[in-house]
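This briefing goes through one structure by topic. Keep the sequence and the 3D view open while reading.

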There are 2 protein chains.
Amino acid sequence: MVTIKDCQEIINKKLAGLSLPEQPVNLYDPIRYVVELEGKRIRPTLVLMGCNLFSDSIEKAVNPAIAIELFHNFTLMHDDIMDQSDLRRNKPTIHKKWNVNIGILSGDAMLIKAYEFLAHSPLAGLPQILEVFNKTALEVCEGQQFDMDYESTASVTLQDYLQMIELKTAILLASSLKIGAISAGSSEKNAAYLADFGRNIGIAFQLQDDLLDVYGILEQFGKQPGNDIASNKKTFLLLTALEMARGEMLNTLKYWIGQKNFNRDEKVRNVISVFDGLGIKEITENKINSFYDLAIKSLEMVSVSKSRKQPLLQFAEMMMNRRK
Amino acid sequence: MVTIKDCQEIINKKLAGLSLPEQPVNLYDPIRYVVELEGKRIRPTLVLMGCNLFSDSIEKAVNPAIAIELFHNFTLMHDDIMDQSDLRRNKPTIHKKWNVNIGILSGDAMLIKAYEFLAHSPLAGLPQILEVFNKTALEVCEGQQFDMDYESTASVTLQDYLQMIELKTAILLASSLKIGAISAGSSEKNAAYLADFGRNIGIAFQLQDDLLDVYGILEQFGKQPGNDIASNKKTFLLLTALEMARGEMLNTLKYWIGQKNFNRDEKVRNVISVFDGLGIKEITENKINSFYDLAIKSLEMVSVSKSRKQPLLQFAEMMMNRRK
């Protein structure tokens with residue numbers, strides 16, 4: 001059995017050996033730059049661990065794992081352009097360091113490179129892996145589009161929001177595990193349970209991100225809490241509050257959402273006091289726990305020995321331990 | 001044997017039946033819009049004809065043909081953003097009709113849709129088809145990057161230019177034929193000769209486009225001649241002229257290239273007179289003919305009966321007949 005750290009090392013080593021042409025530099029330098037930013041390699045690690053759940057030889061899952069990581073990086077490159085983000089992992093984003101055109105085109109090339117690695121998946125599983133990957137990739141695009149649409153939509157429901165984060169974030173985690181399982185030749189049933197585990201952990205993780213933005217501690221969270229409140233971001237917390245609040249509390253929420261010029265700290269404080277009045281923290285924690293429990297139950301359904309599941313249980317805990 | 005028109009009809013019918021989700025509309029409406037613009041369907045027709053050269057059943061090449069057409073449309077969507085083009089086939093481009101973000105994301109989704117169809121290529125040829133497609137797709141990105149780079153590069157050589165149009169345009173024609181051939185189960189040797197035919201026709205076609213911009217007749221060319229001259233576009237004609245011109249002729253070229261404010265017709269007239277003095281029209285025609293001849297020779301090398309090659313010969317003539 002391999003550990004999470006083993007997986008990350010395998011991925012980083014393989015990516016460090018990524019061979020790209022020298023020319024045109026403006027196409028390939030941005031890809032080199034993004035790949036060298038590293039990051040946590042969560043998704044490719046899940047591919048390897050999904051494989052390792054069923055098989056002791058994980059080499060066959062390395063190419064699809066790299067494909068998933070390159071795909072994820074491609075989405076970050078294009079999302080950063082669309083969201084006009086200047087920084088990613090504390091470094092300038094591609095379209096800031098180079099320009100938007102280079103960001104678009106090197107992102108495209110990154111997606112194609114992802115397919116290059118995917119094409120070198122185990123041959124027996126190739127058609128199924130391609131199908132899962134293509135479906136997932138489209139769904140991630142759908143999630144990003146819904147996310148952009150919701151910025152200017154007045155009436156986003158909690159259900160809309162949950163569907164959006166499922167598409168944008170959770171399904172890629174699910175499919176990473178599933179592709180790993182297929183690479184190992186697992187049964188469809190096992191692969192599906194494993195994917196459910198990943199999907200539910202993914203949703204729990206995203207909801208926790210929303211929670212930490214409001215109730216997190218700076219040192220643990222790595223950024224100033226309250227950004228989502230200040231920017232009126234439609235998170236699980238705000239949408240839940242808007243569905244629940246009545247009278248004075250609803251007025252307070254609407255007042256602060258409608259303010260164009262405001263004192264940031266004052267807005268954050270006032271919105272949090274409404275959240276507190278409605279018990280939003282506990283509601284969110286309960287929701288996170290229910291998705292987490294669903295995940296664990298799905299993992300229990302996978303018919304392999306308990307001991308083989310240990311690394312994935314550790315992974316799930318690691319994903320969530322910021323709230324502990 | 002199928003005709004060019006048969007192929008176009010098969011492609012249009014298949015694309016008309018393209019099933020896309022309703023939601024999110026901002027992701028899928030642009031794809032529907034682009035697909036409905038139709039166009040000449042040159043590349044997917046080449047896939048079907050490449051298959052038909054070796055096999056009487058071309059249904060097996062329909063999915064990869066659609067993949068190639070969707071890929072081509074994806075490149076147009078993103079190129080139009082990068083080149084800030086407002087019109088495509090006389091209709092507003094996606095980023096004009098919607099916005100840049102929607103252009104980026106629906107382009108991404110279109111590329112993924114292309115891979116969805118590609119994954120349904122004949123299973124026996126799938127790994128090889130994926131390899132050809134991925135390599136080609138990256139080369140098309142390289143061509144687009146070189147094209148953008150050359151806009152601000154002072155010293156672009158003729159060789160640079162020929163390499164760029166090969167990457168940006170010719171290789172996709174070559175690979176369309178090759179993927180068709182692989183779908184039919186042709187030998188590697190035959191597929192390679194066929195690809196050479198497509199590559200040389202592609203280069204000849206692009207050079208002819210350069211020629212027609214200067215020496216074309218409005219009705220035949222569909223746009224006002226002289227646009228490339230007015231915009232200092234580094235075409236085969238201009239680069240050849242810059243390599244050949246000396247003394248007064250070189251000064252005239254450099255003068256008009258350097259002018260910021262100018263009378264369009266005067267600039268076009270003066271540059272053409274230098275071209276005429278250097279015999280650029282004939283040089284370009286000779287170059288086109290030499291690539292065309294190379295193409296025909298490559299097609300002759302494919303070991304199938306002459307009669308099977310007739311549709312492809314017709315296709316080559318159709319691609320070039322604007323100069324006749």
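**Domains of chain A**

In chain A, 19 residues of domain 1 are in contact with 21 residues of domain 2. The model is predicted.

- The domain assignment places domain 1 of chain A at 1-173 and domain 2 of chain A at 187-324.
- The centres of domain 1 of chain A and domain 2 of chain A, taken over C-alpha atoms, are separated by 23 Å.
- On the side of domain 1 of chain A that touches domain 2 of chain A, α3 (42-52) and α8 (158-183) of chain A each supply at least two residues.
- α8(A) makes the largest share of that side of domain 1 of chain A, with nine residues.
- By class, the side of domain 1 of chain A that touches domain 2 of chain A consists of 15 nonpolar, three polar and one charged residues.

**Chain A as a whole**

- Chain A contains 16 helices and two strands.
- The radius of gyration of chain A is 21 Å, close to the 20 Å that the globule rule gives for 324 residues, so chain A is as compact as a globular protein of that length.
- The C-alpha trace of chain A spans about 60 × 50 × 35 Å along its principal axes.
- Of the 324 residues of chain A, 49% count as buried.
- Among contacts in chain A between residues at least 6 apart in sequence, 73% join residues at least 24 apart.

**Contact between chains A and B**

- Chain A and chain B each bring residues to the contact: 31 residues from chain A and 31 residues from chain B.
- The elements of chain A that give two or more residues to the side touching chain B are α2 (25-36), α4 (62-82), α6 (100-118) and α7 (126-151).
- α7(A) gives the most to the side of chain A that touches chain B, with 14 residues.
- The side of chain A that touches chain B divides into 20 nonpolar, six polar and five charged residues.
- α7(A) has 26 residues and reaches 38 Å from its first C-alpha to its last, close to the 38 Å expected at 1.5 Å a residue.
- Because 19 of its 26 residues are buried, α7(A) is largely enclosed by the rest of the structure.

**Nonpolar core**

- The largest nonpolar core has 196 residues, and of these A114(A) and A114(B) touch the most other members.
- This core draws at least three residues from each of domain 1 (1-173) and domain 2 (187-324) of chain A.
- Leaving aside its neighbours within four places in sequence, A114(B) is in contact with A67(B), L70(B), F71(B) and F74(B).
- In an α-helix there are 3.6 residues a turn, so residues three or four places apart point the same way.

**V34(A)**

- V34(A) lies in helix α2 of chain A, one of the elements that give two or more residues to the side of chain A that touches chain B.
- V34(A) counts as buried because it has 23 C-beta neighbours inside 10 Å, where 20 or more are needed.
- Apart from neighbours within four places in sequence, V34(A) is in contact with N73(A), M77(A) and I94(A).
- V34(A) and R88(A) are 54 residues apart along the chain, and their C-alpha atoms are separated by 9.5 Å.

Definitions and conventions
Residues are numbered from 1 along each chain as its sequence is written. Chains are lettered from A and ligands numbered from 1 in the order in which they are written. This is a predicted model: local features need pLDDT of at least 70, side-chain atom pairs count only at pLDDT 80 or more; totals for chains, interfaces and linings use all residues. Two residues are in contact if their C-beta atoms, placed from the backbone, lie within 7 Å. Helices (H or I, at least four residues) and strands (E, at least two) are DSSP runs, numbered from the N terminus. Ala, Val, Leu, Ile, Met, Phe, Trp, Tyr, Cys and Pro count as nonpolar, Asp, Glu, Lys and Arg as charged, and the others, Gly among them, as polar. Domain bounds come from an automatic or database domain assignment. The radius of gyration is taken over C-alpha atoms; the globule rule is 2.2 Å times the number of residues to the power 0.38. A residue is buried if 20 or more other C-beta atoms lie within 10 Å of its own, exposed if 12 or fewer, and partly exposed in between; C-beta atoms are placed from the backbone. The expected span of a helix is 1.5 Å times one less than its number of residues. A nonpolar core is a set of buried Ala, Val, Leu, Ile, Met, Phe, Trp, Tyr and Cys residues joined through C-beta atoms within 7 Å.
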